[in-house]
Amino acid sequence: MQTNFSAAQLADPAMASSEAVIRKCVHCGFCTATCPTYVLLGDELDSPRGRIYLMKEMLETQAKPTAELVKHVDRCLSCLSCMTTCPSGVNYMHLVDHGRAYIEQNYRRPLRERLIRALLAHVLPHRGRFRMALRLARLGRPFAGLLARSAALKPLAKMLALAPRRLSAAISVRPAPAAGGIRVAILEGCAEPVLRPEIRAATVRLLGRMGCEIVTVPGEGCCGALVHHLGREQDGLDAARRNVDAWMRQIEGDGLEAILVTASGCGTTIKDYGFMLRNDPAYAERAAKVASLTCDISEFVTRRGLPKAEPQSLIVAYHAACSLQHGQKVTSGPSDLLKAAGFTVRIPAESHLCCGSAGTYNILQSEIADRLRDRKVDNIERLAPDVIATGNIGCLTQIASGSAVPVVHIVELIDWATGGQVPAALGSVAAVRADVDAIR
Ligand code: SF4
Ligand code: SF4
């Protein structure tokens, strides 16, 4: 795409980076076919190509964003399916991240939007606040129907609907000390340990069985993805710097061979820390080091080898999180691991399409998110699975809100198959299957 940025504009590194991205786009439109919002809405401005054009105009003219432009950028899920499809290597992620930060700085949203977005940014990334908010949600749930009738209060109704009815108690699992084993850290993050502490517990057990030494790194926290995607650039960078400081203390101290992530949405952002902090001389190199050590738990288990597993007779529908398949290009690895662990794995149709979770998207754009979820659940349930497995807490929560089939993280299944516990969400299903197997 031809661009018309001035030399002064291109002196800004963020602008120069976006210009390079825009120039790579050749208007071919291949990406439109795999963009969930274009597939649903059929509007060119809700396609990657349309959004690239809108953002080019906005950045080139440095005009105040219009409400219409913001609507189409807000509707983007950041699912990155367009990056998988694009034959020209357009880094849409970096462009839309810049576009969102520009909108945040130059557009005044209506008051209710500002309040909801501030609420999300100040609660979700903090484990204690998030846990408290979920407890309060129980009191608010009876009013969810009433709130949903008002367009302005719909996001609040959606938050109440998505809040789990029961919170699992925090689980403390101490790995057996593995002297001489590979030393790893597991990102604890923010939402996952509150919503599903069983995922970390299963990961710790599995890694212990693999002979890993797991270190707890003081000072790490939310990866910053949530605020970054809301356009709150400085908040996202602050979170990245805090985590880089925490992990580098460990790397430069006793050493660390990998930073493992069980929520793929977080993994995509941490792997991008090198780019996010590229213009900060105090952090650029250290952020790139952290990014290079970061890997999804499925990548790590694939690399190190699965411990001995007992065949399981469950049918698993594997839902590939967008952040894993499009953001990190981890494609067949997780389903191959499930197969190697003895499960029968089925992949739903349209597996490249987003389930509608996308960070806070299912709260802020609930109508599109619900349509995507229902389409995803239809495709999954056609496979008649015993269980749905995925690699991201956001997808897990979103799909579970539309299906009666139990939804678990793949690590919970792999831990179980290699000698760990039956995933709590699967208790009765596993028992019934075991009885059937015994009768056979
Ligand atoms: S990130 Fe996803 S929703 Fe956004 S333009 Fe690309 S394919 Fe479409
Ligand atoms: S596929 Fe790539 S090059 Fe083609 S229109 Fe989409 S972003 Fe541009």
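Strands in the order 2-1-3-4 form an open sheet with parallel pairing. Pairing here requires at least two DSSP bridges between two strands, while helices (H or I, at least four residues) and strands (E, at least two) are DSSP runs numbered from the N terminus. Strand 2 (213-215) and strand 4 (294-296) are the edge strands, each pairing on one side only. From one strand to the next, the twist averages 40°; angles run from 0 to 180 degrees between N-to-C directions, and axes are lines fitted to C-alpha atoms, for helices over the stretch in contact.

Before going on, note that this is a predicted model: local features need pLDDT of at least 70 and side-chain atom pairs count only at pLDDT 80 or more, whereas totals for chains, interfaces and linings use all residues. Residues are numbered from 1 along each chain as its sequence is written, chains are lettered from A and ligands numbered from 1 in the order in which they are written, and side-chain values use heavy atoms, leaving out hydrogens and water.

## Inside that sheet

Let us look at strand 1 (residues 183-186), which runs parallel to strand 2 and is joined to strand 2 by three bridges. Here R183 stands opposite E213 of strand 2, and V184 has I214 as its bridge partner. Strand 1 also pairs with strand 3 in the parallel sense, again over three bridges, and the bridge partner of A185 in strand 3 is I259.

Two helices accompany these strands. Helix 13 (residues 197-209) packs on the sheet and touches strand 1, strand 2 and strand 3 (258-261), contact meaning heavy atoms within 4.5 Å. The direction of helix 13 makes about 175° with that of strand 1. Helix 18 (residues 284-293) lies across strand 3 and strand 4, and runs at about 30° to strand 4.

Another open sheet of four strands has the order 6-5-7-8 and parallel pairing. Its edges are strand 6 (344-346) and strand 8 (407-409); each has a single partner strand, so one side of each is left without a neighbour in the sheet. The twist in this sheet averages 35° from one strand to the next. Strand 7 (residues 387-390) pairs with strand 8 in the parallel sense over three bridges, with I388 opposite V407.

Helix 21 packs on this sheet, touching strand 5 (315-318), strand 6 and strand 7, and its direction makes about 175° with that of strand 5. Within helix 21 (residues 333-340) you will find S335. S335 counts as buried because its relative accessibility is 7%; buried means under 20% relative accessible area, exposed over 50%, and partly exposed in between (1.4 Å probe, protein chains only). Apart from neighbours within four places in sequence, S335 is in contact with Y318, V345 and I347.

## Helices packed together

Helix 4 (residues 48-61) packs with helix 7 (residues 92-106) at an angle of about 45°, their axes 10 Å apart. The two helices are therefore oblique to each other: angles under 35 degrees count as roughly parallel, over 145 as roughly antiparallel, 65 to 115 as roughly perpendicular and the rest as oblique. The contact is made by residues including I52 and M55 of helix 4 and L95 and Y102 of helix 7.

Helix 5 (residues 67-74) has L69, V70, H72, V73 and D74 buried. These buried residues of helix 5 pack against helix 4, helix 7, helix 8 (111-123) and helix 22 (361-364).
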